[in-house]
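Keep the picture open as you read.

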Amino acid sequence: MTATAQRRAAPDAVVRRRPVPVRVTWLLVAVLALALIGAASVAFGVRAVTWSDLVSGVSGTSSTVAEAAVQQRVPRTVLAMLVGAALGVAGVVMQGVTRNPLADPGILGVSSGASLAVVTGMAFFGLTSSTAVVWVAIGGAAGAAVLVYAIGSLGRGGATPLKLALAGAATSAAFSSLISAVLLPRIDALTDFRFWQIGGVGGAGFARIGLVLPFLAVGAVVCVLMARGLNSLALGDDVAAGLGERVGRTRVLAAAGAILLCGAATAAAGPIGFVGLAVPHLCRLLVGVDHRWLVPFSAVAGAGLLTAADVVGRLVARPDEIDVGIITALVGAPVFIWIVRRQKVRAL
């Protein structure tokens with residue numbers, strides 16, 4: 001067998017096999033579920049609407065308050081799907097890059113870094129431009145990722161999964177404290193930022209979506225292209241390098257794609273936690289650990305989870321609503337405990 005053939009075969013040999021028809025079936029089920037959740041997101045909300053209101057609102061011929069409410073839900077649904085897909089893909093890529101099942105943008109401090117950068121820009125530099133907010137959030141996410149990796153690389157053994165998780169948790173806590181320190185003396189900024197920090201897709205518009213869409217698209221393409229390389233990294237750096245994989249290049253490019261997705265998603269909807277943690281584990285149960293399937297499946301599942309959480313937040317507190325970041329935290333905390341217990345059992 002040639003070196004090229006070995007390189008192609010080895011990553012496939014280590015993944016848990018799922019028959020292709022099973023994977024395709026689960027992917028089609030996920031897409032269908034996403035379509036139904038999207039329809040529910042447009043149809044249900046704080047204000048009850050009739051079928052005629054729904055048709056008129058979607059067609060753009062609204063003339064009543066109910067029909068206008070439907071029109072407002074369409075960009076909100078689109079943004080929830082995009083942000084959920086971005087966080088799902090960012091989570092699976094970060095877990096692949098670090099080989100840490102507990103990695104996600106929130107736990108590794110990437111979301112907190114983006115938030116701190118935006119808050120600092122608003123408080124000290126008069127940051128108001130939506131485009132500038134996106135760039136600053138991405139820069140903050142990248143800076144946080146580099147800082148966490150640098151801290152996790154200190155000492156013997158380099159950047160182990162455990163050290164990265166501890167470094168991320170410590171960095172996230174430090175950034176959260178700095179955000180509070182920046183905002184507390186500024187009551188006006190604190191009121192506005194408090195709702196953004198929780199994480200939500202309320203008040204979404206197509207203008208906001210258009211600002212982050214190019215960053216999301218580039219990040220998604222990079223992550224898809226790095227999927228086979230992530231399969232190689234699962235073997236360990238030494239084995240992957242022996243198979244011809246350029247380990248450093250693969251890790252940097254994959255991380256850059258995840259950072260783009262996380263930074264843009266945070267700029268658009270605030271720091272939403274646990275989606276990037278829970279979605280990849282659910283997807284692995286259904287389609288195995290091959291990243292060529294995990295990446296697109298995580299995008300669909302992440303979009304469905306976040307959109308469903310937004311619908312639930314609108315329905316359970318009528319006539320008010322609960323921000324989607326609170327709902328995902330309620331769902332994600334038990335999943336986090338389950339993952340930790342599962343990993344502990346494996347270690348035993």
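The side chain of D290 makes a polar contact with the side chain of N231, at 2.7 Å, and another with the side chain of R292, also at 2.7 Å. A polar contact here is a pair of N or O atoms within 3.5 Å; within protein, one must be able to donate a hydrogen and the other to accept it, and residues adjacent in sequence count only if both atoms are side-chain atoms. Before we go on, two notes on the numbers. You're looking at a predicted model, where local features need pLDDT of at least 70, side-chain atom pairs count only at pLDDT 80 or more, and totals for chains, interfaces and linings use all residues. Residues are numbered from 1 along each chain as its sequence is written, and side-chain values use heavy atoms, with hydrogens and water left out.

So where does D290 sit? You'll find D290 in the loop between α13 (275-287) and α14 (291-315). Helices are DSSP runs (H or I, at least four residues), numbered from the N terminus. D290 is buried, with a relative accessible area of 2%; buried means under 20% relative accessible area, using a 1.4 Å probe and protein chains only.

Now hop over to V83, in helix α4. V83 is buried too, with a relative accessible area of 1%. Which residues is V83 in contact with, leaving aside its neighbours within four places in sequence? They are A265, A268, A269, I272 and L306, where contact means heavy atoms within 4.5 Å. V83 and L306 are 223 residues apart along the chain, yet their C-alpha atoms are separated by 7.7 Å.

A265, A268 and A269 are among those contacts of V83, so let's look at α12 (247-269). This helix is mostly covered, with 17 of its 23 residues buried. From its first C-alpha to its last, α12 reaches 33 Å, close to the 33 Å expected at 1.5 Å a residue (the expected span is 1.5 Å times one less than the number of residues). After α12 comes G270, whose phi is positive, near 85 degrees.

Next is α6 (130-152), which has 23 residues and also reaches 33 Å. At its start, a side-chain oxygen of S129 comes to within 3.4 Å of the backbone nitrogen of T131. Its buried residues include V133, A137, A141, A144 and V148. What covers the buried residues of α6 includes α5 (110-124), α7 (161-183), α9 (206-225) and α12.

Finally, the empty spaces. Rolling a probe the size of a water molecule over the atoms shows where empty space is left. On a 1 Å grid over the protein atoms alone, a cavity is a set of points where a 1.4 Å probe fits but cannot get out, while a pocket is an open set with protein on both sides within 12 Å along at least five of seven lines; lining residues have an atom within 4 Å of a point. Grid points are joined across faces, edges and corners, and a volume is the space filled by probe spheres set on the points.

The second largest pocket holds about 400 Å³ of space. It has 17 lining residues, and the closest to its centre are V97, A145, Y149, A255 and I259. α4 (65-98), α6 and α12 each supply at least two residues of this lining.

The largest cavity holds about 30 Å³. Its lining is G273, F274, V275, A278, L305, T328, V331 and G332, and the largest share, three residues, comes from α15.

Notes: Buried < 20%, exposed > 50% of the residue type's maximum accessible area, 1.4 Å probe, protein only.
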